[in-house]
Number of protein chains: 2
Amino acid sequence: MSDRNVYLSTIPPEQAVLLAKSALDRPRLIREETIPAHEACGRVTSGPIFARCSSPTFHAAAMDGISVRSSDTFAAREGSPVTLKSPKSFHPVNTGHCLPEGMDAVVMIEHVEQVDDATVRIEAPAFPWQHVRRIGEDIVATELLLPQNHTLTPYDIGALLAAGIFEVPVWERVRLTFIPTGDEVLNFLDKPTPKPGQVIESNSQVFRSIAASWGALPSWTAPVQDRAEALQAAVRQALADGAHIVVVGAGSSAGSKDFTRSTFEAFGEVLCHGIAVMPGKPTVLGVTTDKMGSDVQGRLLVGAPGYPVSAVVCLEDVLEPVVRWLTRQQSPGRQKIRARLARKTPSRPGMEEIVRLAVGKVGEGFVAAPLARGAGLITSLTRAQAVTRIPAQSEGLEQDADIEAELLVPPGGLEKVLVHIGSHDNILDLLANELMGLPEPLRLVSSHVGSMGGLTALKNGSALFAGCHLFDPATKDFNFPFLSKHLPGLDLVVLNLAIRHQGLIVAKGNPKGIKGVADLARPEVGFINRQRGAGTRILLDHHLDVAGIAPQLVRGYDREEFTHMAVAVNVLTGAADCGLGIFAAAKALALDFAPLAHERYDLVFPAAYLDDPRIKTLRAVIETPQFQERMQALGGYETTFTGRLMTPGFGLGE
Amino acid sequence: MSDRNVYLSTIPPEQAVLLAKSALDRPRLIREETIPAHEACGRVTSGPIFARCSSPTFHAAAMDGISVRSSDTFAAREGSPVTLKSPKSFHPVNTGHCLPEGMDAVVMIEHVEQVDDATVRIEAPAFPWQHVRRIGEDIVATELLLPQNHTLTPYDIGALLAAGIFEVPVWERVRLTFIPTGDEVLNFLDKPTPKPGQVIESNSQVFRSIAASWGALPSWTAPVQDRAEALQAAVRQALADGAHIVVVGAGSSAGSKDFTRSTFEAFGEVLCHGIAVMPGKPTVLGVTTDKMGSDVQGRLLVGAPGYPVSAVVCLEDVLEPVVRWLTRQQSPGRQKIRARLARKTPSRPGMEEIVRLAVGKVGEGFVAAPLARGAGLITSLTRAQAVTRIPAQSEGLEQDADIEAELLVPPGGLEKVLVHIGSHDNILDLLANELMGLPEPLRLVSSHVGSMGGLTALKNGSALFAGCHLFDPATKDFNFPFLSKHLPGLDLVVLNLAIRHQGLIVAKGNPKGIKGVADLARPEVGFINRQRGAGTRILLDHHLDVAGIAPQLVRGYDREEFTHMAVAVNVLTGAADCGLGIFAAAKALALDFAPLAHERYDLVFPAAYLDDPRIKTLRAVIETPQFQERMQALGGYETTFTGRLMTPGFGLGE
């Protein structure tokens, strides 16, 4: 625990961007180059572009018909036609043809009466330059066609070619090289299966795909071992290969094996270490100096955090503005919408925090459910439709707060999102996949907060529907007793999705012979529980109560997971001996299962949404035999009442 | 004028899309393929993707520090530390390390007091699983990672690799081939200089850049001559080369040389000919049948109009929805904003019309100025920030109408647009280029409607500023007399941009010996005028009046152009003998110039905008010596008062 780095004082990301900009000599680093115009879409002009040819270069017929002298036609009236003779007073022309000398108008073929091959009659006068595209009407030679620092669109490419511009001066693209590091990191190109302690390197490809969207030229290397010499050699090679920017993945924080900062110090100067944003803090910026020789001096060095979410923040909030500035691009920015926050979201003061959100339309407005916030949760990136920023001075956001959300998806897509907040079940995955197979696909965005959490979301109007499986021992009914108690006065509809089998998920072969709740009290049995408010936890508590077992006798009662699958994984890896969950989760991981109870898993939604086209679609999918067959194939589900609207007191229908 | 096609009844574009969809057998046309996951960004999954590995695959330290058994630490308090010994009760760990057997928490290095190599003290208890990333916390093996028909994002690529997915099933990309046609069309690859009657082919590259943005695989051929056999051979080759869709450029309307429809009939079936949208009408859709052999049957044939704006409408409104449907992509759609229309915009009933707009922020809201609407105006594509649609049943839009504008640019960019409506001057090009060279670039969007048109725009609040050069013979003053008369009560500021030289632009060598206004009455002199409301036309009228020449004596008085450069081009090509315009326009095209008058070209803007940061930037640029030098280099400008705020009665300051 010696030779550790210490963070320099952390600075806001915008300040890090300014530091990088002022340390780089932009005209020296990014040069002009001349490329074929037809290959230039997305590139940025490095100087003004003036038209070489006019367009059209001649007076051109704009319609198929005949060219005429307008003065010959002035007397034409309906019922009193003017007769014209070819070639003296008319010529047939097609669209685009050069107007013959002396002619100054075109009469559309539809308005021409053919008398014979050389004679026509028209019944309306042609005004001068009628249906004629005049010289230079579109583009005049020598005129400014496009200014400097303009990002070329597909349309611009057409204008360039039409104006006779076949080569354009543009800023060269920024070359970036990503160097992943870490002894535990496996190269994905080897298609490895990670052992405990190992991870598959993936940040290089996230980096590569994102940087390509900036119009940059990204490349990457194989993972480099945690040795100072190895990292230095890799950075040196990247610079020698012409990278304007070298990004070192991981190794940027203050651990004993973090060599990024010392490498940057060896090659130049460290500009900052640590940015005041969560996640993303362990970002290092440096610039090469003449220590490395003048040919590679003035290049940017970036130490990106190893955690995927932190790495993305470093790329998008620090690196992207610098790259766009280098190539004189204006950032497209993200569209911003207002949304209502579905859950209270505390945040540590002193640092800005970026929170990823699942967003969908519920009722008239947008609702944003904050996703889990671990820096290592790559699925929080894939599931997010937006982000929001909690300022450094804030202690967080209250539930129902009106927040600004920066969209990561096209705005139109939000109308096609179904927001589910509630209990987790594997059928929801199946449903999500079926909904994406529809002619008009719907995206199911699911936030797993347990059955009680789902009811709270319905109460707040923050979910379109809630998956719910709450058993009431007193009435032997499901869900309805909880609705009357917790959501009185709300007009809700309860739709059965399935009857499912809950039981104790145990290791293959059940080595500890766990057969029922009574076994949970055995000291050698390690349990993994579900979170507070989960219907499964309520079911466990009920069974413990019936068996007369105090929760504190169950070893691991306090260890919480949020999904059935996470419980099953704990059992699979031996981190726990058993947990309560659905049969489908045990089956998916080839674990054994000691059945405990059948229960109703229902979808609850406001009656007003029965007319919402998305809810109608959802119901239609649930009712298809195809969906129900796939559900049965998962195992542990009964579809007897699937799709049926439930009434109070129905229980399991027995 | 025989053997012409006749349009089938025109149908709305949405209906054309439906026809194409129902004529294509999607599963047969677009197959699944398996590609490396790290190359799959932007592709669309053809089936659900389930995680192969969990992430993490082990309980991992989430911080640098020591791993401990939480139960060993429960007694730790500030001032009452717990001492831990290695290796029995602690192990040093770095972020990402596998938690050693038996350990269930991590204490951050910052909270560890090192006593000796094997002994540490901590002053706070660790709760179970503190700073530990648990197995499957992010991804659980067998779980649905991504549904079918999902467009893969950069983040998804990271999730795939992290979950041990190295190959993904995706829909193959749509292969499109564009075949430009026309005897008059030159291949841009030959870098030609068009002669009268010729145009440089450019639509293929607009098509190619747009289709690439859909994730398709576009290719194109050299221009094909207007012969039925040549076109048939090209289409046959494109199909043989594997194109799913063949797009024939031009030749799709009803002219005698339009072979597209007959070619489609030879290869299969025509689905529709003519869509009810302006521009874009001459669109043909067809599908290959077994006439061509079963290996190429069921491919889509598209006849796209030849005019660039029409071609873009055909591509974006008809072809794009079909291509996205083929690859199961959801269209990102365009962001919509509300804007105020700067000018009355009539439209022909019976057809939807798509109008391109220059959009910028003026005051609190957005103002949209309709751009010129010729189907051949490629610059209306490059200058537009948005489009609006006038429905088929409408006769057009009134000035100041609150319209919906579909953005073609990122919304953030609109804040950085300067909307100029008024008189045209070549300095505006110079200014536009300078503004794009600033650290925070501004885009100058200029609508040329003449000086009087600019004043009207100021009155309506639809322009940020108006270029204006209106001479009042009674007072010998510029602009102010017109402001008091037409915009009384408005608090306006008048900023001089330059004094400029107006005169008669004549052919090189002045073959007709045109020296002054008197020569315009000579019958052999053909004149080209500016549009009504242009300051230059008002200047002409004044000089004709002084010379006692009636406008009807000037041949060509009724022929109008909208810019100085367009007037100059008419002279250059011999379409007119002379026109009134600025020296800079004559010089740009190496024409001769007979001076007539000096005049003040001013920028007029509301006094309230003096504080608008964009106006401040504009003024700062105008005041730079660099800008003024460049202006002088154009010729015909004096910068004596450039950048000065003018007062009434100043005239030319003489």
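User: Where does His131(A) sit?
Analyst: His131(A) is in the loop between β9 (119–122) and β10 of chain A. Keep in mind that this is a predicted model.

User: What's the phi of that residue, His131(A)?
Analyst: Phi of His131(A) is near 55°, a positive value in a residue other than glycine. Most residues other than glycine have a negative phi.

User: Is His131(A) buried, exposed or partly exposed?
Analyst: His131(A) counts as partly exposed, because its relative accessible area is 28%.

User: And which residue in chain B has a positive phi although it is not a glycine?
Analyst: Asn479(B) has one, at about 65°. Asn479(B) lies in the loop between β33 (477–478) and α12 (480–486) of chain B. With a relative accessibility of 0%, Asn479(B) is buried.

User: What about the bond from Met278(B) to Pro279(B), cis or trans?
Analyst: The bond from Met278(B) to Pro279(B) is cis, with omega near -15°. Pro279(B) is placed in the loop between β19 (277–278) and β20 (284–288) of chain B.

User: Which residues does Ser310(B) contact, leaving aside its neighbours within four places?
Analyst: Ser310(B) is in contact with Pro279(B), Gly280(B), Pro305(B) and Ala375(B), once neighbours within four places in sequence are left aside. So Pro279(B), at the end of that cis bond, is one of the contacts of Ser310(B), a residue that is buried at 4% relative accessible area. Ser310(B) itself is part of helix α8 (residues 308–326) of chain B.

User: Let's look at α8 in chain A then. How do α1(A) and α8(A) cross?
Analyst: The axes of helix α1 (residues 13–23) and helix α8 (residues 308–326) of chain A come within 9 Å and cross at roughly 35°. The crossing of α1(A) and α8(A) is right-handed.

User: Which residues meet there, between α1(A) and α8(A)?
Analyst: From α1(A) there are Pro13(A), Ala16(A), Val17(A), Ala20(A) and Lys21(A), and they meet Asp317(A), Val318(A), Pro321(A), Val322(A) and Trp325(A) of α8(A). By class, this contact has eight nonpolar, no polar and two charged residues.

User: Which strands does α1(A) lie across?
Analyst: α1(A) lies across β18, β20 (284–288) and β21 (300–304) of chain A, and runs at about 160° to β18(A).

User: What's the order of the six strands in that open sheet?
Analyst: The order is β16-β13-β17-β21-β20-β18 in chain A, with mixed pairing. At the edges are β16 (217–220) and β18 (268–273) of chain A, each pairing on one side only. Neighbouring strands in the sheet are turned by 20° against each other on average, direction ignored.

User: How many bridges join β13 to β17 in chain A?
Analyst: Five, between β13 (residues 175–180) and β17 (residues 245–249) of chain A, and these strands run parallel. Ile179(A) stands opposite Val248(A) in β17(A).

User: And which strands does α5 of chain A lie across?
Analyst: Helix α5 (residues 203–213) of chain A lies across β13, β16 and β17, running at about 170° to β16(A).

User: Switching topic: how can chain A be laid on chain B?
Analyst: A turn of 180° with a shift of 0.1 Å along the axis does it, giving an RMSD of 0.1 Å. That is the relation of a two-fold axis. The same surface serves both copies, since 99% of the contact residues of chain A recur in chain B.

User: Which residue of chain A comes closest to the rotation axis?
Analyst: Gln335(A) does, with its C-alpha at 4.3 Å.

User: What does Glu137(A) touch, not counting residues up to four places away?
Analyst: Glu137(A) touches Ser55(A), Pro56(A), Val132(A) and Leu377(B), with residues up to four places away in sequence not counted. The C-alpha atoms of Glu137(A) and Pro56(A) are separated by 6.7 Å, though they are 81 residues apart along the chain. Glu137(A) is partly exposed, at 34% relative accessible area.

Note on methods: Residues numbered from 1 in each chain as written. Chains lettered and ligands numbered in written order. Predicted model: local features only at pLDDT ≥ 70, side-chain atom pairs only at ≥ 80, totals over all residues. Heavy atoms only, no water. Axes fitted to C-alpha atoms, helices over the stretch in contact; angles between N-to-C directions. Helix = DSSP H or I, 4+ residues; strand = E, 2+ residues; numbered from the N terminus. Left-handed = near helix turned anticlockwise from the far one by under 90°. Contact = heavy atoms within 4.5 Å. Nonpolar A, V, L, I, M, F, W, Y, C, P; charged D, E, K, R; others polar. Least-squares fit on C-alpha atoms with pLDDT ≥ 70 in both. Buried < 20%, exposed > 50% of the residue type's maximum accessible area, 1.4 Å probe, protein only. Pairing = 2+ DSSP bridges.
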